[in-house]
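Let's take a tour of a protein model, one spot at a time. Keep the structure open while you read.

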Amino acid sequence: MFTAFLREQVPVLEYVDWKITAVRPGEVETVLPLNPNSTNQHFTHQAALIVLSADYSGGAALASLFLGWPVIGVHPVDSQKSVSMWLLKAEMKYVRPSTGDLTVKASVDSDRHERIQKRFLQGKPVIETITMQFMNGDELIAEGTCTYFARQSTALQTNGINNGKINSLYALKLTSSAEMIAGVRAQENGTLFSDPYAETMAGQHGVAVASRFCQRTPQLGPMVAARTRHLDELMHRFMQSGGRHIVNIGVGWDMRLFRLNPPEGTTFYELDFPSTLDERTVRLEKNNFKIPKGIARVPLPIDLRCMTLPDVLDGVVPKDEPILFVWEGMSMYFEEPDTLRILGEIKSMLTHSDSMLWFDLVDREPVVNPAAFPESIQNFMHGMQILGEPFVFGSDAPQELLEKAGLRCLDVVTSDVYFPETTDPLFSIYQFCTAAGAATETHHVPKAFRRPDLPHKVPTVPRGQVVVDNSQSSASTS
């Protein structure tokens, strides 16, 4: 099972037929076969592949001490309970060429097991050096050590926005999510929407991760395309009806500010974790993306787990004017109490009769019991677990959910409306919700709202054309 998980995550391990042959607490034995895919011109093992085998052998040995704790990037993760692990250093001493199947024995000193487990369960970082031997039968081929960092994933997080230096693993997780979704948008560009900025913002890492994930879960691309199109249409209507204030909660690498041709006087309030906002600004400036004339971009750092939207937005966003709140791709990662709290905070800001909220939502039952659903839904949920971003919340009754939060449901559309010929049930469990404040005039419909019967053309930046600042460098295109 452990071998299968690692091969799924690191295809080169399957390519060379590497496998784990024994696991005991703090000890792992693996085999790197001598075969055409693992050899050099002398038909001996490539030194780099020996190091690769060392990395995953040592990592597996350390992980064996964290019983019941899945390792992000290896095991499916179905809760907040997980291990983040990173190789810090590897040192190898090669004795002689490996001319047969290479057995790797990695072990953690048994006297250290209890100390490692205690530190880990207390939420403290574990930095451990693991010794290894590499053998052809009884013949020593190499000796080495690998040093790892391991910690409970939730312990990497910081609470609030003024915590000094953020853990690099946690920052990577945050930006990787933004990069991947931008990579998916780049892949889907020109289908239901146009986003000529997506590939540049995603970068090489985002494009690669998106491609890899979409190979495993091909429905992700169309689902992101559908939600992008649906929100594009609503945002365009909002701006055309006079709305000039757009609050994007969890902005990531969203580029609607640049590609939807907003009218002059429009302000985009960009909320996200501070390190994500900092990286967003770096990428915008690095690529000389020029904010359209007359448009304001207001970055606002927030940590939704311990900060409230009113605290961040009061006095910044004028509540006496129409506001469009956007909460895209996030509700499924918050437990129900937090989801209701966040919706309630948004409701307190929807005081103007033409203000609205857009957010996406998945059905509840596929989240809590995916095994009861068709294979495509099971595979998708499993894919999110493998990615380390499992869905934890959904609702089969979005109207009731909104009413519970004090909001008025205007519309709920499932993503399959954009794919009328699909028979895949996965698209029918993904919903786009539009809501308004529970105003006294419950019959009032915000100006920008119109039930989207189906595809309307949204003016965007022409495909292949990118707005850049040419004052410092030549134009760049995605």
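## A hairpin to start with

Strand 1 (residues 19–24) pairs with strand 2 (residues 27–32) in the antiparallel sense, and five bridges join them. Keep in mind as you look around that this is a predicted model. To see one of the bridges, find Ala-22: its bridge partner in strand 2 is Glu-29.

Now look at the turn. Strand 1 and strand 2 form a hairpin, with two residues between them. Gly-26 sits in that turn, and its phi is positive, at about 80°.

Next, head over to Ile-127, which you'll find in strand 5 (residues 126–136). Is Ile-127 buried or exposed? Its relative accessible area is 54%, and exposed means over 50%, so Ile-127 counts as exposed.

## A buried serine in a loop

Last stop: Ser-153. You'll find Ser-153 in the loop between strand 6 (139–152) and helix 5 (168–188). Why does Ser-153 count as buried? Because its relative accessibility is 11%, and buried means under 20%.

So what does Ser-153 touch, leaving aside its neighbours within four places in sequence? Its contacts are Ile-72, Ser-82, Val-83 and Ser-84. With Ser-82 there's also a polar contact, side chain to side chain, at 2.8 Å.

Methods: Residues are numbered from 1 along each chain as its sequence is written. This is a predicted model: local features need pLDDT of at least 70, side-chain atom pairs count only at pLDDT 80 or more; totals for chains, interfaces and linings use all residues. Side-chain values use heavy atoms; hydrogens and water are left out. Helices (H or I, at least four residues) and strands (E, at least two) are DSSP runs, numbered from the N terminus. Buried means under 20% relative accessible area, exposed over 50%, partly exposed in between (1.4 Å probe, protein chains only). A polar contact is a pair of N or O atoms within 3.5 Å; within protein, one must be able to donate a hydrogen and the other to accept it, and residues adjacent in sequence count only if both atoms are side-chain atoms. Contact means heavy atoms within 4.5 Å. Two strands pair if DSSP finds at least two bridges between them.
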